[in-house]
Amino acid sequence: MIRCYPEQLVITSGATQALSLVAKLLLTKGDEVCIEDPVTHEIQTIFQQPGASLYPVPVDEFGIMTDMLPSNKNPKFIFVTPSHQFPLGGTLPIQRRIQLIHYAREAGAYIVEDDYDSEFRYAGPPVSSLQGLEPERVIYIGTFSKILSPALRIGYLILPQDLIHRCRELKWFHDLHSPTLEQLTLAMFIKEGHLEQHIRKMKRVYRKRRETLIHCLNDSFPKKLKIFGDSTGLHLVAAFDNVQFSDSMLHKLEESHLRVYPVEKHAINKGRHRNKIILGYSNLSPDEIKEGIRRLTICV
Ligand SMILES: Cc1ncc(COP(=O)(O)O)c(C=O)c1O
């Protein structure tokens, strides 16, 4: 659940522009940001560009480890992907959400909630957004990239009252506004019920692909692997016992025409995730998934 008035909304060209606007709005040289580790390089770079330094907070299968938030720092904000952590895939439990909000209150910091991947949830009860729990401290970022298509380049920010004016000004000087025709078309698509219909349909399709992938992994690697991050989104993470996804292993997989994405690539502090890979399933048919896992079995 989100709590906001229409004036709190700024339409952006995707979550990426929303993150850039937040960085320009809040960060100057020497500032600190607490950030999930692992996290994408793009997001690290966006926050480093204004000269801020990153304090990496480790992530486990449930999301950011709130016990590890630093007591001796004054971060401008804490960056999180609580619906479906990227890349590890955890959904942040309510206890950690509350702990995170307490921490932000005490530190006088904002929370940046990147909700890029929340619409396709297959298991577990729905979880309250951080924004719904603490609207005046949370900057919420949404995008249509996963729900519809990354080609659309439409996302949005929901801002606390004190940031609205400056953010609108920044967006204006950035590119005036996001394309109106696309926004109007999307608005009609939503109003006429097509988006809801699309989500229902795609959820069935993705659920089948996800189940095929989980089934093939468990069948092919019995007792050798742990799956997590599979309750939401379009990817999951497979953690293997005694396997390291080194450059030579990745090369071997590529030679079998299999490209997998190692979690370790996204780690700021290296070494904790060498045995884990990200497996996206949204654009593969069940047969392609079966074939992919068959090839993985040969190499791993
Ligand atoms: C965690 C996270 N946030 C944001 C984005 C960017 O999304 P967009 O296509 O809306 O710019 C991505 C890209 O997949 C992502 O992984």
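Which residues surround the ligand? In this predicted model, the ligand is surrounded by Gly14, Ala15, Thr16, Ile43, Thr81, Phe86, Asp114, Tyr116, Thr143, Ser145 and Arg153. For Thr16, an N or O atom of the side chain is 2.6 Å from an oxygen atom of the ligand. For Ala15, the atom concerned belongs to the backbone, and this N or O atom lies 2.7 Å from a ligand oxygen atom. Arg153 contributes a polar side-chain atom, located 2.8 Å from an oxygen atom of the ligand.

Asp114, one of the residues surrounding the ligand, also has a place in the sheet, where it stands opposite Ile141 in β7. Strand β6 spans residues 110-114 and strand β7 residues 138-143; the two pair in the parallel sense over four bridges. Both strands belong to an open sheet of eight strands with mixed pairing, arranged in the order β1-β8-β7-β6-β5-β2-β3-β4. The edges of this sheet are formed by β1 (9-12) and β4 (63-64), each of which pairs on one side only. In general, strands of a sheet pair through backbone hydrogen bonds, in either a parallel or an antiparallel manner.

Ser178 was examined next. This residue is found in the loop between α5 (161-175) and α6 (180-191). Ser178 counts as buried because its relative accessibility is 2%, which is under the 20% cut-off. The side chain of Ser178 is joined to that of Lys171 by a polar contact of 2.9 Å. When residues up to four places away in sequence are not counted, Ser178 touches Ile11, Thr12, Ser13, Gln17, Lys171 and Gln183.

Helix α9 comprises 14 residues, 286-299. From its first C-alpha to its last, α9 reaches 20 Å, close to the 20 Å expected at 1.5 Å a residue. Within α9, the residues Ile289, Gly292, Ile293, Leu296 and Cys299 are buried. They lie on the same side of α9 because they cover an arc of only 115° around the axis. An α-helix has 3.6 residues a turn, so residues three or four places apart point the same way. On the other side of α9, Asp287 and Ile298 are exposed. The packing partners of the buried residues of α9 comprise two helices, α7 (194-220) and α8 (247-255), together with the strands β10 (235-240) and β12 (276-280).

Key. Residues are numbered from 1 along each chain as its sequence is written. This is a predicted model: local features need pLDDT of at least 70, side-chain atom pairs count only at pLDDT 80 or more; totals for chains, interfaces and linings use all residues. Side-chain values use heavy atoms; hydrogens and water are left out. The expected span of a helix is 1.5 Å times one less than its number of residues. Buried means under 20% relative accessible area, exposed over 50%, partly exposed in between (1.4 Å probe, protein chains only). The arc is that of the directions from the helix axis to the C-beta atoms. Contact means heavy atoms within 4.5 Å. A polar contact is a pair of N or O atoms within 3.5 Å; within protein, one must be able to donate a hydrogen and the other to accept it, and residues adjacent in sequence count only if both atoms are side-chain atoms. Two strands pair if DSSP finds at least two bridges between them. A residue is near a molecule or strand if one of its heavy atoms lies within 4 Å of it.
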